[in-house]
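User: I have a model open and would like to go through some of its local features with you. Can we take them one at a time?
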Amino acid sequence: MQDKGLARRELIAAGLASAVAGLPMPGLAQSGTLAPDAPRSAPATVRAHRVEVPMPHGGVAAGHPLAAMAGTRMLLQGGSAADAAVAAMAVMNVVEPWASSAAGNGFATCLDRKAGQVHSLAFTGGAPALFDPDVDPAELDSGHKAVTVPGAFGGWIALARRFGRLPLATLLEPAIGYARDGHPLDASIAMFIGRQQAVLARYPTSAAIFLPGGKPPAPHALFKNLPLARTLQSLADAETRALQGGADRDAALNAAYDYFYTGPVAQEMSRFSAANGGWLRMADMAAYKPVWDAPVSTRYRGLDVYCSPLTSRTGLELCEQLNIVEGWDLAALNATDPLLTHWLIEAIKVTKADVYRHAGDPRFVTVPVDRLLSKDFAAQRRALIDRTRAIALPQGADIAQRGSPPLLAMADSRSRGGDTTSLSVVDADGNAIAVTTTVGGGFGTSVVMGDTGLLCNNGLRIGSTAPYDGHPNRAAPGKRALLGNGPIIVLDKGRLKLVCGTPGGETIGQTQFQFLVNVIDRAMPIQQAIEAPRFALHAEPSFYKAGAAISVQMESRFDPAITQGLAAMGHRLDMVSPYAIGSIQGVLVDASGARMGGSDPRRMGYAVGY
């Protein structure tokens, strides 16, 4: 869940990232003089600051330029989309440590072009077996008890085994080099380290990496993570030893997997956790497996939209939101008509209520997925929406079925936001992969696990889990918390139309929903669709509670006709910085068949094609 504090941190980061990328800073005209009404108005036609990136043979759009380049290097070496995705994720572990880790969690959505199928991969660990549901929630925000079972490295291996071609040692080489030899630290990352300094300083293993000399590194300082470099190298060496011993590629990748989950990495994490009062143990690591599954999907305006299944809440959110607005002709509305934005806001409200009532780990609870995804259900929920005024956050739909969760009297519950990163890849064979990976709240648990150099996901925190007895998303031993991660693939008559994803915690489903409307209903090219102003709903105390106070954070580039019209409808608006919400990375195939990559200036994302 994204709180206002996180929103403010994202806004500052967006400004810093824009400056580093050479973009005009928000509020400045091209000459560098103050644009008098820039914070309040924008032309109806969105002007993209960045060019679209052609990808005739392939390319990567990722949350950091070095990650995009690392992935593209794999493509140039004959690697597949999966190889590029693994290499990019490994680099993001180094260069975006506040948002990504091999010990984090995430989802991938994969198009196998030859088979004509879309697959979802969940690399999400659950609560350790020793987890105590009665723990003080504050201990689940950061610290040794906040640790969820590491999932991401298992996902890297699963992708490489099923769809990859290159050795793991090749895939990890760029990340090992940046961790060992250093890279210029992005200004926004330096700022985040400074903001998290007090928490990181509590843990010597974290302070040694992120607070060298006892203070945060300066922007563009050469940043290293030597323990992480050693861990990644040891994983590559495990594969190499297996290959030298006669193992085939699949067995050699499994050797690296075992080194992490039952070998020295797991042993060090378990030792460190036990020594510091944490719950993670060897048995938790050994029991973990990444999961291939069918994605959730819906058909929208004749296109097939695929997204992540549970325990991602975003797949359900995205599909229900699209099903609701499909009942209206959005393309017929003028760009400055407030009704367009009003309908999107209201569809998000209704969907949040439904998903937050019913979603949970399907291994533990019965979730009415088919009903939530159905067009008939969307039509019933659409009827709640008033064309002329904002409605309150409704009660989640009462879907009668065995095991359906009861309506709960829910107390107030505030939570810490989520910090995440994403990438999208296409290769020369037409395969595509979108990945969204996370450590939960910024820097996850904030505890580097012993001498591994790795941060774990704090996915047990309130927001990712529900603090209400009897709720389907109540944390329990072995249970996986809900993630916002929901990377997307869109097909047009079986052919790739779009691959995309975004970070943003509570805003992920909202950002991707608006982006798809921009592309599909408003026919925007990808970079314009990315840079168009966005909004995000914030619920006080939370989306778990019907009647919660809803405010709409709106980037200040929205046309005044829109904001004034929304205010007249009763929406409570909270104007934020011009480039503040989300960070889409994607590739769009246009009507001519050209593949064009786009990357969001709101953070430090970059697209590279060849």
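User: Is glycine 164 buried or exposed?
Analyst: In this predicted model, glycine 164 is buried, because its relative accessible area is 15% and buried means under 20%. Glycine 164 is found in the loop between helix H4 (residues 152-163) and helix H5 (168-181).

User: How far apart in space are glycine 164 and glycine 79?
Analyst: Their C-alpha atoms are 7.0 Å apart, although 85 residues separate glycine 164 from glycine 79 in the sequence.

User: Switching to cysteines, how many disulfides are there?
Analyst: The structure holds 0 disulfides. Cysteine 307, for instance, is in no disulfide, and the nearest cysteine sulfur, which belongs to cysteine 319, is 6.5 Å away. Cysteine 500 is likewise in no disulfide, with the sulfur of cysteine 307 as the nearest cysteine sulfur at 8.4 Å. A disulfide here would need two cysteine sulfur atoms within 2.5 Å.

User: And cysteine 307 and cysteine 500, buried or exposed?
Analyst: Cysteine 307 counts as buried because its relative accessibility is 0%, and cysteine 500 is also buried, with a relative accessible area of 0%.

User: On to aromatics: how many aromatic pairs does the structure hold?
Analyst: There are 13 aromatic pairs in the structure. One of them joins tyrosine 356 to phenylalanine 543, and it counts as tilted because the ring centres are 5.9 Å apart and the planes stand at 35 degrees.

User: Where do tyrosine 356 and phenylalanine 543 lie?
Analyst: Tyrosine 356 lies in helix H14 (residues 338-358) and phenylalanine 543 in the loop between strand E14 (535-540) and strand E15 (549-555), so this pair ties together parts that are 187 residues apart in sequence. Tyrosine 356 counts as buried at 3% relative accessibility, and phenylalanine 543 is buried too, with a relative accessible area of 3%.

User: What about the rings of tyrosine 356 and tyrosine 544?
Analyst: Those rings form an edge-to-face pair, because their planes are at 85 degrees, with centres 4.7 Å apart. Since tyrosine 356 lies in helix H14 and tyrosine 544 in the loop between E14 and E15, the pair ties together parts that are 188 residues apart in sequence. Tyrosine 544 is buried, as is tyrosine 356.

User: Which residues do ring pairs link into a cluster?
Analyst: The cluster is made up of Phe153, Trp156, Tyr257, Phe260, Tyr261 and Tyr288, linked by ring pairs.

User: Which arginines lie over the face of a ring?
Analyst: Arginine 162 lies over the face of tryptophan 292, at 4.6 Å from the ring centre, and arginine 557 lies over the face of tyrosine 579, at 4.0 Å from the ring centre.

User: Now the backbone. Which peptide bond to a proline is cis?
Analyst: The bond from glutamate 540 to proline 541 is cis, with omega near 15 degrees, and proline 541 lies in the loop between E14 and E15, where phenylalanine 543 is also placed.

User: And what about the peptide bond from leucine 310 to threonine 311?
Analyst: That peptide bond is cis as well, with omega near 25 degrees, and threonine 311 is found in the loop between strand E9 (303-307) and helix H13 (313-325).

User: Which residues have a positive phi without being glycine?
Analyst: Histidine 220 has a positive phi of about 75 degrees, and alanine 523 has a phi near 55 degrees. Histidine 220 lies in the loop between helix H8 (204-210) and strand E6 (222-223), whereas alanine 523 lies in the loop between helix H17 (508-520) and helix H18 (526-531).

User: Are those two, histidine 220 and alanine 523, buried or exposed?
Analyst: Histidine 220 counts as exposed because its relative accessibility is 52%, and alanine 523 counts as exposed at 62% relative accessibility; the exposed class means over 50%.

User: Last topic: how much space lies in the second largest pocket, and what lines it?
Analyst: About 400 Å³ of space lies in the second largest pocket. Its lining has 15 residues, of which Arg495, Leu496, Lys497, Val589 and Gly593 are the closest to the pocket centre. Strand E13 (residues 495-501) gives the most to this lining, with 3 residues.

User: How does the lining of that second largest pocket divide into nonpolar, polar and charged?
Analyst: The lining residues of the second largest pocket comprise 7 charged, 4 polar and 4 nonpolar.

Notes. Residues numbered from 1 in each chain as written. Predicted model: local features only at pLDDT ≥ 70, side-chain atom pairs only at ≥ 80, totals over all residues. Heavy atoms only, no water. 1 Å grid on protein atoms, 1.4 Å probe; cavity = no way out; pocket = protein on both sides within 12 Å on 5 of 7 lines; lining within 4 Å. Points joined across faces, edges and corners; volume = space filled by probe spheres on them. Helix = DSSP H or I, 4+ residues; strand = E, 2+ residues; numbered from the N terminus. Nonpolar A, V, L, I, M, F, W, Y, C, P; charged D, E, K, R; others polar. Buried < 20%, exposed > 50% of the residue type's maximum accessible area, 1.4 Å probe, protein only. Phe/Tyr/Trp six-rings, centres within 6.5 Å; stacked < 30°, edge-to-face > 60°. Lys NZ or Arg CZ within 6 Å of the ring centre and 35° of its normal.
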